[in-house]
Amino acid sequence: MLDKIRLAAAGKLPEGWQATRGAAAKTSFDALCCELLHLDYAALEAEVLKADKSDEELLTWAYERGRQPNGTEIEVWNAFMLKRGWRDAITERVNARLAEIGLPPGTVLTMFEFIDLDEGRLKLDAAK
């Protein structure tokens, strides 16, 4: 999310990621993360853009202004996010993104897998 904010400000965020930026799309990773942290996306964006803070410093800032999840909440959140797109509300979106790059549904099962595939970190051989 922080990288997307920085890329958008620099005019370098790919067009395909514009729709998932911010909190307008309630199922976007940005919106879900802000909801977990009880944080206003616009305030976070302003903080990211006003100073050269590290991701760790921005996380501390977010915890101070929103809430800091406990260990169990973080574990549940991570498990939820790792499986996002697999038999859930965004499965169609994962398959649509696959179609955009010429791959059939089911090539990968989660949005994180799609992102890794799209950005070259996941090879099709490894995805099977």
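Leaving aside its neighbours within four places in sequence, with which residues is Ala 25 in contact? The legends below take up this point and several others.

**Figure 1. Overview of the predicted protein chain.** This is a predicted model, in which local features need pLDDT of at least 70 and side-chain atom pairs count only at pLDDT 80 or more, while totals for chains, interfaces and linings use all residues. Residues are numbered from 1 along each chain as its sequence is written, and side-chain values use heavy atoms, with hydrogens and water left out. The protein chain contains nine helices and zero strands; helices (H or I, at least four residues) and strands (E, at least two) are DSSP runs, numbered from the N terminus. Its C-alpha trace spans about 45 × 35 × 25 Å along the principal axes. Of the 128 residues, 33% count as buried, where buried means under 20% relative accessible area, exposed over 50% and partly exposed in between (1.4 Å probe, protein chains only). The protein chain exposes about 8,000 Å², of which carbon and sulfur atoms supply 55%; these areas come from the Shrake-Rupley method with a 1.4 Å probe, and for residues only the protein chains shown count as cover.

**Figure 2. Surroundings of Ala 25.** Ala 25 is placed in the loop between H2 and helix H3 (29–37). With neighbours within four places in sequence left aside, Ala 25 is in contact with Ala 19 and Ala 31, contact meaning heavy atoms within 4.5 Å. Ala 25 has a relative accessible area of 30% and is therefore partly exposed. Leu 2 is 23 residues from Ala 25 in sequence, and the two are 17 Å apart in space, C-alpha to C-alpha.

**Figure 3. The two faces of helix H7.** Helix H7 covers residues 91–100, and Val 94, Arg 97 and Leu 98 are buried in it. Seen down the axis of H7, these buried residues fall within an arc of 105°, so they line one face of the helix; the arc is that of the directions from the helix axis to the C-beta atoms. The buried residues of H7 pack against helix H2 (15–18) and helix H8 (111–118). On the face turned away from the buried side, H7 carries the exposed residues Glu 92, Ala 99 and Glu 100. Just after H7, Gly 102 takes a positive phi of about 80°.

**Figure 4. Cys 33 and Cys 34.** The structure holds zero disulfides, a disulfide being a pair of cysteine sulfur atoms within 2.5 Å. Cys 33 is in no disulfide, and the nearest cysteine sulfur, that of Cys 34, is 5.8 Å away. Cys 34 is likewise in no disulfide, its nearest cysteine sulfur being that of Cys 33. Cys 33 counts as buried because its relative accessibility is 18%. Cys 34 is also buried, with a relative accessible area of 4%.

**Figure 5. Loop residues with positive phi.** Most residues other than glycine have a negative phi. His 38, although not a glycine, has a positive phi of about 55°. This residue lies in the loop between H3 and helix H4 (41–50), and at 54% relative accessibility His 38 counts as exposed. Arg 87, also not a glycine, has a positive phi of about 55°. Arg 87 is found in the loop between helix H6 (71–82) and H7, where its relative accessibility of 71% makes it count as exposed.
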